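Here is a short briefing to read alongside your model. Have the sequence to hand and follow along.

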Amino acid sequence: MGGTTAYNGKEKGGSGHNREARSNQYLRCLYTNARSMGNKDLVVMGDFNYPDICWETNTARHRLSNKFLDCIGDNFLFQKVEKATRGEAVLDLVLTNREELVENLKVEDSIGDSDHEIIEFMILRKGRRETSTIEVMDFRKADFDKLRELVGKVPWEARLKGKTTEESWKYFKGTLLRAQKQTIPLCRKDRKYGKRPAWLNKEILHDLKIKKESYKKWKLGQLTKDEYRQATRECRGKIRKAKAQNEIKLATGIKGNKKTFYKYIKSKRKTKDRVGPLLSEEGEAVTGNLEMAEMLNDFFVSVFTEKSGGVPNVVNTSRERVSLEDRIHKEQVKNHLGKLDVSKSPGPDEMHPRILKELIEEVSEPLAMIFEKSWQTGEIPEDWKRANIVPIYKKGNKNNPGNYRPVS
């Protein structure tokens, strides 16, 4: 855990030149510490005394304040204090290089005669530094042509002949997952150095490097101040333009990829929804993920009403009853596969929508056979009965399991 005490930029009775010199000295110190920490956690806190900064829009009126914002942006630091800490100004700040490292931040009453409010927060150490073991498919390195070749050469009609619906599904699933393992590599969900912002590309990284080199040359007297300012303005303008273009891209592509859009919206929210802690029937607080999942599962099962069994009446769009004699054709399956949202995550069956859509010609035939068997026999594979359930908080006390709703 790394941390450093923040410098108070306000110099009572000092000259403007003296304050600027001390501010530049502190910015260099902050920049050096942020870069030297590498992949370690960093928390910087203190009275920074920049009352003109608006943290909602990341803008400021004065030059020193803008330099401070540039320093935070260049080092990818997050500012966690949202409420005023002295009068109507946010002077006391908490900076961190990991957004989720600092949580439960509260601004409360002051102590004694101090005119600054108390800031209370929690630093997550053990939970934050655990390395994620979750692996996801790296589609950038996927060999879809070979995957189509492996799945396409399977004689599905001969392989599925005489098998039950469950056996047919397991054979299809196993064949697809084995071929998928050979052609699509896996990568860690959380990278070692964290995820870069979507707007940060190679060109902007190059401009940031030029800006930092210009600053060093200016300090050594190899560049004039106007030349350094010009490099800074160009870099800042490109960053703002890249951020705006990224937001436009997310907004225009919301119909095709809602997941990325709402992920960006969620990242801009001041608070994050979390489940629990929950209170058991005995009034004890339950905080463990497994224990809370079991408690919510017990509650959802207790209020679940099972409908009457039997084969339901199936009606098509023309309001005509569909008989069991009607067959399920390959073209019908292709039509549904073509409407899959490739941005969605795979379910418990581990089949990613993008793979099914990429292999629409190869998998539509075996899937039609399996659906046909299920339709004729009334047998449903166990995988089709399973789902990933997420508890969504609705209203009331968050400690009550009854105030959550299950969403599949």
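This is a predicted model: local features need pLDDT of at least 70, side-chain atom pairs count only at pLDDT 80 or more; totals for chains, interfaces and linings use all residues.

The protein chain has an average pLDDT of 80, and 83% of its residues reach at least 70.

**Confidence along the chain**
- Helix H6 (residues 165–183) has the highest mean pLDDT among the elements, at 94, while strand E1 (residues 2–5) has the lowest, at 36.
- Residues 1–14 have a pLDDT below 50, and the model gives this stretch 34 contacts beyond near neighbours in sequence.
- Residues 311–322 also stay under 50, with nine contacts beyond four places in sequence.

**How H7 and H8 pack**
- The axes of helix H7 (residues 202–219) and H8 lie 9 Å apart, at an angle of about 160°.
- Because angles over 145 degrees count as roughly antiparallel, H7 is roughly antiparallel to H8.
- The crossing of H7 and H8 is left-handed.
- On the H7 side, the residues that meet H8 include Glu-203, Leu-208, Tyr-215 and Trp-218.
- On the H8 side, the residues that meet H7 include Lys-225, Tyr-228, Cys-235 and Ile-239.

**A closer look at Thr-252**
- Thr-252 belongs to helix H8 (residues 225–252).
- Is Thr-252 buried or exposed? Its relative accessibility is 63%, so Thr-252 counts as exposed, the cut-off being over 50%.
- A polar atom of the Thr-252 side chain lies 2.9 Å from the backbone oxygen of Ile-248.
- The backbone oxygen of Lys-249 is 3.2 Å from a polar atom of that Thr-252 side chain.

Definitions and conventions:
Residues are numbered from 1 along each chain as its sequence is written. Side-chain values use heavy atoms; hydrogens and water are left out. pLDDT is the predictor's confidence in each residue, from 0 to 100. Helices (H or I, at least four residues) and strands (E, at least two) are DSSP runs, numbered from the N terminus. Contact means heavy atoms within 4.5 Å. Buried means under 20% relative accessible area, exposed over 50%, partly exposed in between (1.4 Å probe, protein chains only). A polar contact is a pair of N or O atoms within 3.5 Å; within protein, one must be able to donate a hydrogen and the other to accept it, and residues adjacent in sequence count only if both atoms are side-chain atoms. Axes are lines fitted to C-alpha atoms, for helices over the stretch in contact, and angles run from 0 to 180 degrees between N-to-C directions. Angles under 35 degrees count as roughly parallel, over 145 as roughly antiparallel, 65 to 115 as roughly perpendicular and the rest as oblique. A crossing is left-handed if the near helix is turned anticlockwise from the far one by less than a right angle, and right-handed if clockwise.
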